[in-house]
Amino acid sequence: MDYTKSLKSQTVATCPHCNAEVAQVPGRGRLRLYCTPDAGKAYRQRMRALGFPV
Ligand SMILES: [Zn+2]
């Protein structure tokens, strides 16, 4: 962990919906966890249907 660089540039996120690597957009904004907002929506919907509190 290099604290002199932004967390985003060091994070490689994997989309839990389709297992694809999610490219982080440098600059402002939060970390991207899903490849698309729709994938995040679908993933959370599916997890809630299975009873997970996401
Ligand atoms: Zn995805």
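**View 1. The zinc ion's donor residues follow a C-x2-C-x16-C spacing in sequence.** This is a predicted model, where local features need pLDDT of at least 70, side-chain atom pairs count only at pLDDT 80 or more, and totals for chains, interfaces and linings use all residues. Residues are numbered from 1 along each chain as its sequence is written, and side-chain values use heavy atoms, with hydrogens and water left out. The protein donors here are Cys 15 (SG), Cys 18 (SG) and Cys 35 (SG), sitting 2.1 to 2.2 Å from the zinc ion. Donors are N, O and S atoms within 2.8 Å of the metal (3.2 Å for Na, K and Ca); water is not among the atoms, so sites may look incomplete.

**View 2. A look at Cys 15 and Cys 18, two of the zinc donors.** Cys 15 counts as buried because its relative accessibility is 0%, while Cys 18, at 41%, counts as partly exposed. (Buried is under 20% relative accessible area, exposed over 50%, partly exposed in between, with a 1.4 Å probe and protein chains only.)

**View 3. Leu 7 sits in helix α1, residues 7-10.** Helices are DSSP runs (H or I, at least four residues), numbered from the N terminus. With a relative accessible area of 47%, Leu 7 is partly exposed.

Note on methods:
Helix = DSSP H or I, 4+ residues; strand = E, 2+ residues; numbered from the N terminus.
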